[in-house]
Amino acid sequence: MTRKIYINGTLLDQQDAKISVLDHGLLYGDGVFEGLRSYGGKIFQLEEHIERLWQSAEAIELEIPMSREAVCQAMADTLRVNDIQDGYIRLIVTRGAGTLGLDADKTSNSQVIVIADSIELYPDEFYEKGLEIVTVSVMRNHPEALDARVKSLNYLNNVLAKIEGSKAGCVEALMLNHKGEVAECTGDNIFLVRQGELLTPPVEASILVGITRNIVMRLARDAGVQVRETSLTKEDVYAADECFLTGTAAEVVPVVTVDGRTIGEGRPGPVTRKLSEAFHKLARS
Ligand code: PMP
């Protein structure tokens, strides 16, 4: 079935959904995006994603040429026309077409794009047995170069980290920040469990403030688990009792080895399983 893609108010057949080669989104990665999930036809954490998109846009001085309500309607329409109940939505806003120079003032016609598709899930095995990941040498962008909270179209450092991880045979890779602290994975946030306490790097560690991360912290507190945002080293990861990753697509996925070191007992631990179940319940409720 041909998918319909939304661009600036029109739903187009996939093969006709095109934007200018002079769009600064293409030329410079100049734009912002969100990845959302729909469960049973309803978009999960819609307001949170919209808020993050608007904050990302504001941080890069990009004006979104539509109201929040109109963007939500565009996503709902795209899901409906493609008959998607449980799926993934990519929401993109580019700076628009301009000249070959960097000048943002010379761009016009910002593009708002919505792509909805079925979701490519990790195989069940990853959730049952846990992931093996590695730390890569590609570090997170320096926060004074680009604030990690901005979900910009320029994902090159994450792409390079992912390539390095893939070469090591891993589907996810752990990235450190410029201080050598643990930050996050290429498309997921990281959590550790140590002596019953849930630990995760703080916002200042150059992380994307994940929406799944925020929910998991809340679910943990609700379940009586102590949660602390604190700077972590690779050694903290190696010594943890449990480790897991969170993200819109991955949800909650256990990690059992990092750099060949076994985490805890080398299988998904009880806190990970409890939070994963709580997350599933919430998302599917
Ligand atoms: N970190 C990065 C770099 C990401 O791209 C993402 C989203 N794929 C996440 C973390 C997880 O964020 P969320 O839970 O909002 O999907």
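In the ligand site, an oxygen atom of the ligand lies 2.9 Å from an N or O atom in the side chain of R52. Such a polar contact is a pair of N or O atoms within 3.5 Å. The model is predicted: local features need pLDDT of at least 70, side-chain atom pairs count only at pLDDT 80 or more, and totals for chains, interfaces and linings use all residues. Residues are numbered from 1 along each chain as its sequence is written, and side-chain values use heavy atoms, without hydrogens and water.

An oxygen atom of the ligand is 2.5 Å from a side-chain N or O atom of Y155. For E184, a side-chain N or O atom is 2.6 Å from a nitrogen atom of the ligand. The protein covers 92% of the 390 Å² of accessible area that the ligand has on its own (Shrake-Rupley method, 1.4 Å probe).

The shell around the ligand holds 16 residues (a heavy atom within 4 Å). Y155, E184, I211, T212 and T248 come nearest. The shell divides into 3 nonpolar, 9 polar and 4 charged residues, with Gly counted as polar and Tyr as nonpolar. Two elements, α6 (211-222) and β13 (242-247), each give two or more residues to this shell. Helices (H or I, at least four residues) and strands (E, at least two) are DSSP runs, numbered from the N terminus.

Across the whole structure, 16 salt bridges are found (a side-chain nitrogen of Lys or Arg within 4 Å of a carboxyl oxygen of Asp or Glu). In one of them, D117 meets R3 at 3.1 Å, N to O. D117 lies in strand β6 (residues 112-118) and R3 in the segment before β1 (4-7), so the pair ties together parts 114 residues apart in sequence.

Conventions. Polar contact = N/O pair within 3.5 Å; in protein donor to acceptor, adjacent residues only side chain to side chain.
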